[in-house]
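Subject: Structure handover

Hello,

I am passing on the structure for you to look at. Please open it before reading the notes that come after it.

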Amino acid sequence: MRAVVQRAAGADVSVGGKVAGAIGQGLVVFLGVEEGDSEKDAAYMAEKIAGLRVFEDSEGKMNLSVKDAGGSVLAVSQFTLLGDARKGKRPSFIKAARPEQANELYREFVEMVRKQGVGTEEGVFQAEMLVRVQNDGPVTIILDSKKLF
């Protein structure tokens, strides 16, 4: 499972001109599910993201998690994070999980984040979405449940 996590002053995701999910301060999580991922990967990502200390404390140091900062998470499923563009110019998405498996693990991830006490909004799985992010910092972190990087 792969994620791009952005600290946001605010964000929303729309489908067909209607807002599906919106947050104020928090984290925007673009989540890609890889073939072979399991509930263990979803649990790792949920715990890591809920505890990721990228918000500033009273001394201006990134020392607070989204929960500590009173923020929320906007989760957006994004299979293109598994795109492999090392060969040629057209990315291959062969490593991305099939939609049924990806949706199941995406749903599990969202519920696991909520169980950690973090308010969580969502995009719409497999929909054409417009995502607006006010990246605060900017702070952007890339995570991989297999710890490849």
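Predicted model: local features only at pLDDT ≥ 70, side-chain atom pairs only at ≥ 80, totals over all residues.

Residues are numbered from 1 along each chain as its sequence is written, and side-chain values use heavy atoms, with hydrogens and water left out.

Helix 2

Helices (H or I, at least four residues) and strands (E, at least two) are DSSP runs, numbered from the N terminus. Helix 2 covers residues 99-115, 17 residues in total. From first C-alpha to last the helix reaches 24 Å, close to the 24 Å expected at 1.5 Å a residue; the expected span is 1.5 Å times one less than the number of residues. Its buried residues are Ala102, Leu105, Tyr106, Glu108, Phe109, Val110, Met112 and Val113. Buried means under 20% relative accessible area, exposed over 50%, and partly exposed in between (1.4 Å probe, protein chains only). These buried residues of helix 2 pack against strand 3 (26-32), helix 1 (39-51), strand 6 (72-77) and strand 7 (120-122). Just after helix 2, Gly117 has a positive phi of about 85 degrees.

Val73 lies in strand 6. Val73 counts as buried because its relative accessibility is 0%. Leaving aside neighbours within four places in sequence, Val73 is in contact (heavy atoms within 4.5 Å) with Ile23, Leu27, Val29, Val66, Val113, Val118, Gly119, Thr120 and Glu121. One of these, Val113, is also among the buried residues of helix 2.

Arg7 sits in strand 1 (residues 2-15). Arg7 has 6% relative accessibility and therefore counts as buried. The Arg7 side chain reaches the backbone oxygen of Val54 at 2.7 Å. Not counting residues up to four places away in sequence, Arg7 touches Val54 and others, including Gly26, Leu27, Phe55, Glu56, Met62, Asp136 and Gly137.

The largest pocket

The largest pocket holds about 450 Å³ of space. Of the 22 residues that line this pocket, the closest to its centre are Ser77, Gln78, Phe79, Thr80 and Gln126. Strand 3, strand 6 and helix 2 are the elements that give two or more residues to the lining. The largest share, three residues, comes from strand 3.

On terms, a pocket is found on a 1 Å grid over the protein atoms alone, as an open set of points where a 1.4 Å probe fits, with protein on both sides within 12 Å along at least five of seven lines; lining residues have an atom within 4 Å of a point. Grid points are joined across faces, edges and corners, and the volume is the space filled by probe spheres set on the points.

Backbone details

Gln126 is in the loop between strand 7 and strand 8. Gln126 has a positive phi of about 65 degrees although it is not a glycine. With a relative accessible area of 63%, Gln126 is exposed. Lys147, in the segment after strand 8, is a residue other than glycine with a positive phi, near 60 degrees. Lys147 counts as exposed at 58% relative accessibility.

Finally, the peptide bond from Gly137 to Pro138 is cis, with omega near -5 degrees. Pro138 belongs to strand 8 (residues 130-144).

Regards

Key. Polar contact = N/O pair within 3.5 Å; in protein donor to acceptor, adjacent residues only side chain to side chain.
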